[in-house]
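Please look over the sequence and the model first, and then read the points below alongside them.

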Amino acid sequence: MIALSLAEIAEIVGGQSYDIPDPAVTVSGPVVIDSREVKQGSLFVAFAGERVDGHDYAQRAVEAGAAAVLAARPVGVPAIVVDDVVAALGALARAVVGRLGTAVVALTGSAGKTSTKDLIAQLLERKGPTVYPAGNLNNEIGLPLTALRATEETQHLVLEMGARYIGDICYLTGLVPPRIGLVLNVGSAHIGEFGGKEQIAQAKGEMVESLPEDGLAVLNADDPLVRAMTSRTKARVLLFGEAADADVRGENVRLTEDGRPSFRLHTPTGCSDVTMRLYGEHHVSNALAAAAVAHELGLSADEIAVALSESGTLSRWRMEVTERPDGVTFVNDAYNANPESMKAALRALAAMGKGRRTWAVLGQMAELGDASLTEHDAVGRLVVRLNVSKLVAVGGREASWLQLGAYNEGSWGEESVHVSDAQAAVDLLRSELRPGDVVLVKASRSVGLEQVVTALLENATEGEVAGR
């Protein structure tokens with residue numbers, strides 16, 4: 001964060017100072033919400049959560065070097081006390097970014113936000129210092145924490161914005177107004193809360209409504225609900241996708257033998273070929289979105305193509321590919337799941353596993369509301385249509401729907417199994433995996449299926465695998 005005195009911070013957030021002997025003391029370190037991450041000169045933000053109250057750690061934070069605490073009540077150490085800590089954190093973020101000449105890029109979408117954010121960050125870092133979220137810090141707390149990492153040297157600030165309700169993105173863009181706003185797609189994620197895709201489109205479109213006249217809306221030409229957002233912005237529009245009229249376009253899209261996307265990139269300033277390190281055709285759309293942002297910020301087609309071809313994943317458990325010494329390949333995509341991302345991951349598995357035995361270890365897709373049965377059934381059926389060798393459905397009712405869909409589609413017998421939890425899946429796979437198998441693990445975060453990959457990679461030896 002840029003250096004600010006405690007007096008300046010108190011004025012920005014409208015807070016009262018308590019136990020501060022010298023208001024001229026400067027916050028020069030990071031703004032953190034975990035006392036274990038405090039560094040000298042930090043501002044520690046105390047939230048009262050359901051299970052942990054940050055106010056209880058205020059003294060520990062100051063002892064570790066924090067200049068003060070942003071809190072909802074006096075805590076016996078230097079503190080700025082406010083009525084609403086979340087609102088104060090947002091106000092501080094807006095004030096800090098407002099003092100910088102940083103290009104602010106914000107993106108949203110039902111699927112692919114974090115992967116696209118990672119790509120944008122890796123492209124823009126070639127142009128200058130870039131700040132972006134670790135993981136998916138995309139809500140009213142994570143977004144300002146990311147923004148507050150920006151300094152006078154920061155040229156680009158990349159922000160991911162999530163939404164569960166109409167109005168969420170409007171609120172987030174009010175905290176840190178973007179100049180470039182990107183909408184990836186409108187899918188089924190959180191459809192249980194929104195009630196339908198039209199409502200999701202309404203929420204995602206708040207991104208482009210927030211843009212100034214001299215801003216840029218980057219929109220997916222291949223998604224009709226996103227393309228229609230052109231009419232909702234006063235900013236200039238740049239379309240990306242495989243559509244013939246897309247300004248940033250991918251042509252001759254194909255997959256390499258091991259499932260990596262390759263395509264010809266067209267931008268308004270030139271063309272170049274891309275072969276990505278990431279797996280799955282769904283990354284083409286993510287890459288084109290990132291390319292559109294990079295084009296706007298001055299990268300040439302050749303520079304973009306080289307960067308896309310060299311970029312990897314920066315966030316854990318998102319198509320994270322690891323091969324055991326015995327040749328079993330794990331695709332850990334267990335961070336989250338919705339119908340669109342689940343289908344994309346399965347298609348990537350089918351492409352990666354050509355000529356090999358493939359396993360889909362799948363769990364619940366959360367927050368689908370009345371569409372849950374239909375969507376889980378459809379994913380189970382797709383497993384069969386893609387000729388995936390084995391389905392392991394993990395968890396309760398929703399997992400049983402996955403298995404039932406596969407059974408009804410292909411009259412599968414031993415090819416599919418329903419197990420109760422992650423440990424049961426580990427036990428099954430440990431006894432049945434063979435050298436050369438490819439295993440996809442994917443579910444909503446709450447299922448915790450990353451434990452499956454962790455357990456099967458831990459102390460892996462060739463002797464563990466059946467048939468050796």
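This is a predicted model: local features need pLDDT of at least 70, side-chain atom pairs count only at pLDDT 80 or more; totals for chains, interfaces and linings use all residues.

Axes here are lines fitted to C-alpha atoms, for helices over the stretch in contact, and angles between them run from 0 to 180 degrees, taken between N-to-C directions.

**Helices α4 and α11**

- Helix α4, covering residues 113–124, packs against helix α11, covering residues 283–296, at an angle of about 40 degrees, and their axes lie 9 Å apart.
- Angles under 35 degrees count as roughly parallel and those from 65 to 115 as roughly perpendicular, and α4 and α11 are therefore oblique to each other.
- The crossing that α4 and α11 make is right-handed.
- On the α4 side the contact is made by S115, T116, L119, I120, L123 and L124, while α11 contributes H283, N286, A287, A289, A290, A291, V293 and A294.
- Sorted by class, this contact of α4 with α11 holds 10 nonpolar residues and four polar ones, with no charged residues.

**Helices α16 and α17**

- Helix α16 (residues 422–432) and helix α17 (residues 450–457) cross at roughly 40 degrees, with axes that come within 9 Å, which makes α16 oblique to α17.
- This crossing of α16 and α17 is right-handed.
- From α16, the residues A422, A425, V426, L429 and R430 meet Q451, V452, A455 and L456 of α17, and by class the contact has seven nonpolar residues, one polar and one charged.

**Nonpolar cores**

- The largest nonpolar core comprises 58 residues, and M1, L92 and V176 are those with the most contacts inside it.
- Helix α3, which spans residues 85–98, gives the most to this core, with seven residues.
- When its neighbours within four places in sequence are left aside, V176 is in contact with A93, V97, V104, L143, A147, L157, L159 and M161.
- Another core, of 38 residues, lies apart from the largest one, and its members include L182, L265, A287 and V293; A287 and V293 also belong to the α11 side of the contact with α4.

**The loop residue R73**

- R73 is placed in the loop between β6 (68–71) and β7 (79–81), and with a relative accessible area of 36% this residue is partly exposed.
- Not counting residues up to four places away in sequence, R73 touches D53, H55, D56 and V81.
- Although R73 and L457 are 384 residues apart along the chain, the separation of their C-alpha atoms is 46 Å.

Technical notes. Residues are numbered from 1 along each chain as its sequence is written. Side-chain values use heavy atoms; hydrogens and water are left out. Helices (H or I, at least four residues) and strands (E, at least two) are DSSP runs, numbered from the N terminus. Angles under 35 degrees count as roughly parallel, over 145 as roughly antiparallel, 65 to 115 as roughly perpendicular and the rest as oblique. A crossing is left-handed if the near helix is turned anticlockwise from the far one by less than a right angle, and right-handed if clockwise. Contact means heavy atoms within 4.5 Å. Ala, Val, Leu, Ile, Met, Phe, Trp, Tyr, Cys and Pro count as nonpolar, Asp, Glu, Lys and Arg as charged, and the others, Gly among them, as polar. A nonpolar core is a set of buried Ala, Val, Leu, Ile, Met, Phe, Trp, Tyr and Cys residues joined through side-chain atoms within 4.5 Å. Buried means under 20% relative accessible area, exposed over 50%, partly exposed in between (1.4 Å probe, protein chains only).
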